[in-house]
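Hi there,

Here is the structure I promised to pass along. My notes follow below it.

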Amino acid sequence: MTFSASANRWNLPDLGLGVGLRTVHFRHILEKWPRIDWFEILSENFIDTEGRPLYYLDQVAERYPIVMHGVSLSVGSTDPIDFAFLAKLKALARRVDAVWMGDHICWTGVAGVNGHDLYPVPYTEESLRHMVERVRTVQDFLERPLVLENPSTYLTFRASSMPEQEFIARLAEAADCALLLDVNNVYVTCRNHDLDPFDYLSPIPYERVVQIHLAGHTDLGTHCIDTHNGRVIDAVWDLYAYVQGRRGNTATLLEWDADIPKFETLEREVRRAARYRDTLRVANA
Amino acid sequence: MSGASELERLQRWMQAVVMDPHGAARGLATVRARTLMPGAVANLESVVTRSRRQTALERLGVYAGMYYLRLIEVLTAEYPTTREVLGAEAFDRACRVFIARHPSTQRTLQSLSVGFPRFLKRHLKGRRNARLAVDVARIERAMEDVFDAPRAEPLGHEALRTIPAESWAEVRLKLTPALRLLALDCPANEYMTAVRARRRVRTPRARPAYVMVYRHRLRAWRMTITREQFTLLTLLGKGQPIGRAVYRSCRSLRVPGQRLPVLLSEWFRAWSAAGLFVALELPLRS
């Protein structure tokens, strides 16, 4: 089944093709105002600061749609929810008029510590209940749906009683949240856990998918690391094509966070996604 | 045990293992990890599964490796000259100990290394270049602080010129939150300038030195100042009226009497141009 561009649960728009807003490109963007459809920001880079990043962000937000994507919400943690942090996120969303905001299906620390990494939870009924309750609480506070991303994972717990994709689908349904489907993460996770990525993608509730991530990764032979340091490989483009077929045109973002190239290179890479989108548009018509 | 507490136990265990500074294998064997998950040492696969190409321990090791790698990267970006002073290996070792002893408790990384200069002071005690490394680290930390500090609209020099001459002594000036004043043990600022310009430079000898670090037009700047300037700005920052602050900071200054007002005028003009003053409070008149 294919959905039209805005046929997600919340009628959130198909923003087109975007890239992550990174410090090294600030000047280029403000001088050239490139023809990119939208930007995604790493939320934590723009809170607890009133320096140059926020100054540039304000200007970018006047011209482009902004989506907020975080890495520290720690929605899977057993620590209490940090409402002070949520208040900062909410204030930033208001400031940049964020189209939506999200984070990852993971935990980042416990006992008051933050590891600044995306740790997997065991996919159990207990974890599911815990996360559903927390996602609902966060959404109530933020007064908008959370857009949660499937993380790249490097281990699985023996205690898991269901596959990650089933956990994600059930979490999204029960908490009534939106999904960001990172197809590079799907590839990395499946490589690391000896799974078929198309089996992973099959049960995803596509009516809840409002955004797609594309990225490069590092293949170390024994495992893959989600390094965001290069071009998207063909196998990931294949997954993207599959998701487009299931979901229809969806806001798509290229992540490139290490060895960051010139902005023009990012533009060229993300525009490759247009080929898949346009092809499918014709097919759907 | 409830579901949530099982999850909590697993999370505390994994955190203890992957944040161990000696790696996941050593982390697994710690008392903390063994208490949280007694069976894991003998049979790790009862907790974490293996893949076709990696053992359970190797998979935990991925997270353990990334934890230190990522945070050391942050410190390396924030303390480039401190790293030059200590050398890459010693710097990385110091970072690893610091991160292990002071794990991040914040959602953002901005304040991760707030305590790093103080930590270095203890950690490097008695070692060569310790004093210089600590002073350079203090400057580099101050640059991070002012970069992220709250914004405040600076007072233009015109605002200072409107102060009636007879009121000057009683005026109080509010300093920008994006300013740090540092009293150092050696001239680390000049050293930093030379190192960052890739000039060969000797380790400076210890002597008192003073630096102000501030944000101006969204960039962090550092400038060597005199003891008198340091004291004057410190007193103004504490809310003392200009007259008292000038008296206390400059009473020992050896300049001809008529030269002092000229000197002070130059200082205030430069500081005003640098955006250090953000508000002034005139004395109340009955």
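The accessible surface of chain A is about 10600 Å², and carbon and sulfur atoms contribute 50% of it (Shrake-Rupley method, 1.4 Å probe; for residues, only the protein chains shown count as cover).

Please keep in mind that this is a predicted model, where local features need pLDDT of at least 70, side-chain atom pairs count only at pLDDT 80 or more, and totals for chains, interfaces and linings use all residues. Residues are numbered from 1 along each chain as its sequence is written, chains are lettered from A and ligands numbered from 1 in the order written, and side-chain values use heavy atoms, without hydrogens and water.

Chain A has 9 helices and 10 strands (DSSP runs numbered from the N terminus: H or I of at least four residues, E of at least two). Of its 285 residues, 62% are buried (under 20% relative accessible area, 1.4 Å probe, protein chains only). Its C-alpha atoms fill a box of roughly 50 × 45 × 40 Å along the principal axes.

Just after helix 13, Gly275(B) has a positive phi of about 75 degrees.

Best wishes

How values were computed:
Buried < 20%, exposed > 50% of the residue type's maximum accessible area, 1.4 Å probe, protein only.
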